[in-house]
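Have the structure open and follow along.

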Amino acid sequence: MFDQIHMRTIDLKYLPIIAVGFPLVFLVLNAIYQLYFSSLSKVPGPWYCAISRFWLAKVSLQGRRIFAVHELHLKYGPYVRIAPNEVSVSDIDSVKQIHSSHNNFSKPLWYADVANGVKSAFAIVDCEAHKARRKAYGTVYSNTNMSLLEPVIRKHISVCVGKIKRDLNHGPVDILRWFRFMAADIVAELCYGKDMDMLNKEAVNPIVEDLTILLTIGGIRAEIPGLNVLESLISLIPHPTIKFITGCSKRIFDYSDDVLSEFQEKIKEDRDNSLGPFLFTKLINNMNNLNEKYRLNFDEIRHESTANLIAGSDTISTTGTYIIWAILKHPNVRKKLEDELKTLAGEITDAKLQQLPYLKLVTKEALRLYGAGPGGMPRIVPPGGWRLGPYYFSGGTGVSSQGYTQHREAAVFEDPYAFRPERWLNPTKEMEAHMVPWGGASRTCPGQNLAMIELRLIAALFLKECPDSVLAESCTDESMEFINYFNIKPSRNKCEVRKRIAW
Ligand code: HEM
């Protein structure tokens, strides 16, 4: 009896030591394993990246992952271990292998976390399922289809630039805000046959606010394992703010359900084709077509539309804003572009803009430096392993590559941080190979043709309608530094222009 009581006292006495000691021993043993025995131990990188994911999660949540990883590449070379099971790769041959459609490097579940319930091509991790989804897109995003949609795109950009022109008479104007309204209106009208009414109301649609919340939570969840357990607990608290936040997915899906059903009905009734072309008309018409091997059902189209609303809004507004910023910042570029635009007769259309050589150089250089998606695109080494450069990676290893680093490779791009459209007059093979503003081959951005139409029209219509605009004093190099949460945006979240003062 005495012995039992004595034992229990000893147990309790040692409990704190055991509670702290065991995890500590585990951490030390794990650190030794990761640093000296793991298959990635030979890949260079800081010791703290090798032993835990903490550093990567920290810089990601701080919005500076691309810079932090870029600095590691400058210090350690083309292969850097950025987490115990993840290597960042900047060697172009290896990057091409990782993203080749033949090599089956799948996406990690991280993407599904980031997408937070939006089950589109972007979030499909399995390679075969993803290929089938992309086949189902068919010609939806083709240049031919896009040129049919151009009048809708041009209509919104004209309204947007007109409103910027109007507001310039009253003081500085934040073009990022206007381009956000415009890009969301365009992509919503193309997907749902109905815009978000943002340009008209000159205010953010609540659904767009919900999408921002959804993605912010997804981004945080993707970096902090186990957060979903905490979220489930928090969601039980009956507080209005918590209810509002946890309700955002339902509101988004209810909205897309309603607008897509409405649109589907309109398409059914449109016997004389008076509705005009839209992005997903063909997919909607093919929903019940049993002869179509890769058709999508209503739910899948709904998810793709929601994904487009996310992927086609902030990307365009960010890159469009940086194009205008870069043009206004470089008077020589502006002058050449203005002269080129003066050669156009009549209404400005994208067909005419595609013929302008200098505009082509400007958009390409802007995509190199300011493409909205330059972040690490993680992938998983296929089962069986893969040799990349001097290293053999076992199946399941995470490998990522970031456009930010490839686009600033000093051995390839002279003065890589300078905005110099003329560098594209005679590009080398290496320059072309390093350009990945639309991502890697297997998952390349389907919206790139649409994006290019928007970017050309933004640059041309802005310069035409706002010839007196200059950068406002609030718009500095510092305010325009990126912050990076998967995509990038200006750190101060705005870009103000004002009217040139006439002396
Ligand atoms: C300047 C504008 C844009 C840029 C720089 C851009 C960039 C990118 C990049 C880098 C990726 C690859 C992401 C990855 O593999 O992790 C991507 C994927 C994607 N983008 Fe874009 N994008 C732009 C505009 C658009 C637009 C306008 C749409 C559609 C309306 C769109 C729809 C998508 C979709 C659906 C994916 C996922 C593709 C897949 O995984 O199969 N993007 N984009």
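## Starting at alanine 311

Alanine 311 is buried, because 24 other C-beta atoms sit within 10 Å. The cut-offs here: 20 or more other C-beta atoms within 10 Å of a residue's own makes it buried, 12 or fewer makes it exposed, and anything in between is partly exposed, with C-beta atoms placed from the backbone. A heads-up before going on: this is a predicted model, where local features need pLDDT of at least 70 and side-chain atom pairs count only at pLDDT 80 or more, while totals for chains, interfaces and linings use all residues. Residue numbers run from 1 along each chain as its sequence is written.

Alanine 311 belongs to helix α16. Helices here are DSSP runs of H or I with at least four residues, strands are runs of E with at least two, and numbering goes from the N terminus. Skipping neighbours within four places in sequence, alanine 311 is in contact with Phe122 and Gly447; contact means that two C-beta atoms, placed from the backbone, lie within 7 Å. Look also at alanine 184: it is 127 residues away along the chain, yet the two C-alpha atoms are separated by 9.8 Å.

## Around the ligand

Which residues come nearest to the ligand? Out of the 25 residues around it, the answer is Gly312, Gly373, Gly439, Cys445 and Gly447. To count as near, a residue needs its C-beta atom, placed from the backbone, within 6 Å of the molecule. The elements giving two or more residues to this shell are α16 (298-311), α17 (314-329) and α23.

By class, the shell holds 14 nonpolar, 9 polar and 2 charged residues. For that tally, Ala, Val, Leu, Ile, Met, Phe, Trp, Tyr, Cys and Pro are nonpolar, Asp, Glu, Lys and Arg are charged, and the others, Gly among them, are polar.

UniProt, in an unreviewed entry, puts a "binding site" feature at Cys445. UniProt positions follow the numbering used here, feature names are shortened, and annotations may be inferred rather than shown by experiment. Cysteine 445 is in the loop between α22 (429-434) and α23. Is it buried, exposed or partly exposed? It's partly exposed, because 19 other C-beta atoms lie within 10 Å. Apart from neighbours within four places in sequence, cysteine 445 is in contact with Trp438 and Gly439.

Then comes helix α23 itself, residues 448-465. It has 18 residues and reaches 25 Å from first C-alpha to last, close to the 26 Å expected at 1.5 Å a residue; the expected span is 1.5 Å times one less than the number of residues. Most of α23 is covered, with 14 of its 18 residues buried.

## The cores

The largest nonpolar core has 89 residues, and Ile323 and Ala459 have the most contacts inside it. Helix α9 (residues 175-192) gives the most to this core, with 14 residues. A nonpolar core is a set of buried Ala, Val, Leu, Ile, Met, Phe, Trp, Tyr and Cys residues joined through C-beta atoms within 7 Å. Leaving out neighbours within four places in sequence, isoleucine 323 is in contact with Thr363, Ala366, Tyr370, Leu455, Ile458 and Ala459. There's also a second, separate core of 25 residues, which includes Leu72, Ala83, Val95 and Ile380.

Threonine 318, in helix α17, is buried because 24 other C-beta atoms lie within 10 Å. Beyond residues up to four places away in sequence, threonine 318 touches Ala372, Asn487, Ile488 and Lys489. Its C-alpha atom is separated by 12 Å from that of arginine 492, 174 residues away along the chain.

The unreviewed UniProt entry marks residues 12-36 as a "transmembrane region". In the model that span is 100% helix and 0% strand, with its end C-alpha atoms 36 Å apart. Leucine 27 lies in helix α1 (residues 2-37) and is exposed, because 12 other C-beta atoms lie within 10 Å. The C-alpha atoms of leucine 27 and lysine 364 are separated by 47 Å.

Finally, some backbone angles to check. Asparagine 104, in the loop between α5 (92-99) and α6 (110-115), has a positive phi of about 55 degrees although it isn't a glycine. Aspartate 415, in the loop between α21 (403-406) and α22, has a positive phi near 50 degrees. Aspartate 415 is exposed, because 9 other C-beta atoms lie within 10 Å.
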